[in-house]
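Here are my notes on this model, point by point. Please keep the structure open while you read.

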Amino acid sequence: MTENQPQQPQNQPGHDPQQPERTQQMPERTQQLPMGGYGHHQQQFAPGAGQPRPGQHPSGGSAYPQFGAPGPHQGASPGPNWPFGPQPAQSAAAAPAKPKRMGLALVAATALLVGTAGGVGGAAVYSATNDSATNSPSVTAPLNGNQAAPASAPDGSVQAAAAKVLPSTVKIAVATSRGSAGGSGIVISKDGLIVTNNHVVAGAGDGGRISVILNDGRTVPATIKGTDPLTDLAVIKADATDLTPATLGSSGKLAVGQGVVAIGSPFGLEATVTSGIVSALDRPVTSGDDDPGSTTVFPAVQTDAAINPGNSGGALIDLAGQVVGINSAIKTAGGSGQSEGGNIGLGFAIPIDQAKPIIDELVAKGKATHARLGVTVGDAQSSDGLSNGARLGEVTSGGAADKAGLQSGDVVTAVDGKAIASGDALVAAVRSHRPGDEVKLTVIRGGKTQTVTATLGSDNGNPTG
């Protein structure tokens, strides 16, 4: 669908300033986690510091303010030069230039689109071209874990699950001329392939350096293999050939209330294990910040396992020790400029089922393709102001929606039988699919409900096109 992201109300296709149906609303938003900073922690990427949040808005979508700031550094600081040696001196009094985001992003959960006249909020227009096939081998095929848990750890316990995945979880440090910060990563191949969040390593694109701190204490350099800002995923290649890959499970088998474990490096504290449950599935989460083009929407696994700045890119695992998600964002209690930036039990992970095909494409081609419906989309609102579906705006000629017979003004209330409450929910639903997938949309047109089948197109790796 256009689904890449809600756009700003002005200068959008289908926008009619004469239609007064809708009023603008600021969405309730969560934050993407800033990366845990190192050294002096001048790069905490707090709201108001000009730090972009992860993700990509394919066509310059709405910029949402961050809410809350990262929590305070915990534990003794390893010093200003760890782990890269002396860094360029920085004046504490000088206002930093707008550096690129390097941290765990602060997210918007169930963010509502800013309304526009006619009830159509913008999102990028999807093309209807087909996804290109690749014969490259999959690096995300299920792997057989060979880490034996301690004898005292019963199967299905947090202890046993953590023992299986800790050897496959790493700390990632990125150093640039503007400072240093860190995140987490998951080993997916013996020869050094590691998956993480795009926003963790984005700062390395400007001549920065990436170092990986392995579970056995070694520090090795790494390079970027491929990045996908739209889904906030990246693959890096560490200079090592003897790593222990994690076992990738299936997020599609998760159930609300099921026990899960988060592993990562919150505030730079590597190999930290926290536990909780799956709080919700397919939660539409909008992540981004005030940097135009930085917003993305994904159908998240919500958890109350403690997730904090620095957990970005780390593993969310089930109690069998299999990776079911990649930790990416949190919601915070504080408002913009406040200090409550830590865990309040609302964390969000990218489902591993959605991540696997993206990871494979990043390894094979350095970029990824995404499904498109080919419409702009916003919130449909009832008379009491509540969102009750996704209203379609401009339909791209020749796109998937056009071929399926969808029309501007249609309201989508379900995809494959799952309720759609907002424009973001429709974006997330399409984002959970791959190009070429067939979906059934429940549509209200002229007061009558009908079912429309659409075959999703592809952006061919060009999400802004």
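1. Start with strand S11, residues 233-238. Five of its six residues are buried, so the strand is mostly covered. Bear in mind that this is a predicted model.

2. S11 has strand S8 as a partner. The two run antiparallel and are joined by four bridges. Within this pairing, Val195 stands opposite Val235 of S11.

3. S11 also pairs with strand S10, residues 219-228. This pairing is antiparallel too, over six bridges. Thr223 has Lys237 in S11 as its bridge partner. S10 and S11 form a hairpin, with four residues between them. Asp232 sits in that turn and has a positive phi of about 60°.

4. Now look at Asn197. This residue lies in the loop between strand S8 (193-196) and helix H2 (198-201). Is Asn197 buried or exposed? Its relative accessible area is 0%, so Asn197 counts as buried; the cut-off is under 20%. Beyond its neighbours within four places in sequence, Asn197 is in contact with several residues, including Asp232, Leu233 and Ala234. Ser312, Gly313 and Ile350 are also among its contacts.

5. Helix H5 covers residues 423-431. Nine of its nine residues are buried, so the rest of the structure largely encloses the helix. Among the buried residues are Asp424 and Arg431.

6. Last, the chain as a whole. The protein chain has five helices and 25 strands. Of its 465 residues, 56% count as buried. Among contacts with a separation of 6 or more, 74% join residues 24 or more positions apart. The chain exposes about 17,000 Å², and carbon and sulfur atoms supply 50% of that area.

Note on methods: Residues numbered from 1 in each chain as written. Predicted model: local features only at pLDDT ≥ 70, side-chain atom pairs only at ≥ 80, totals over all residues. Heavy atoms only, no water. Buried < 20%, exposed > 50% of the residue type's maximum accessible area, 1.4 Å probe, protein only. Contact = heavy atoms within 4.5 Å. Areas by Shrake-Rupley, 256 points an atom, 1.4 Å probe, with all protein chains shown as cover. Pairing = 2+ DSSP bridges.
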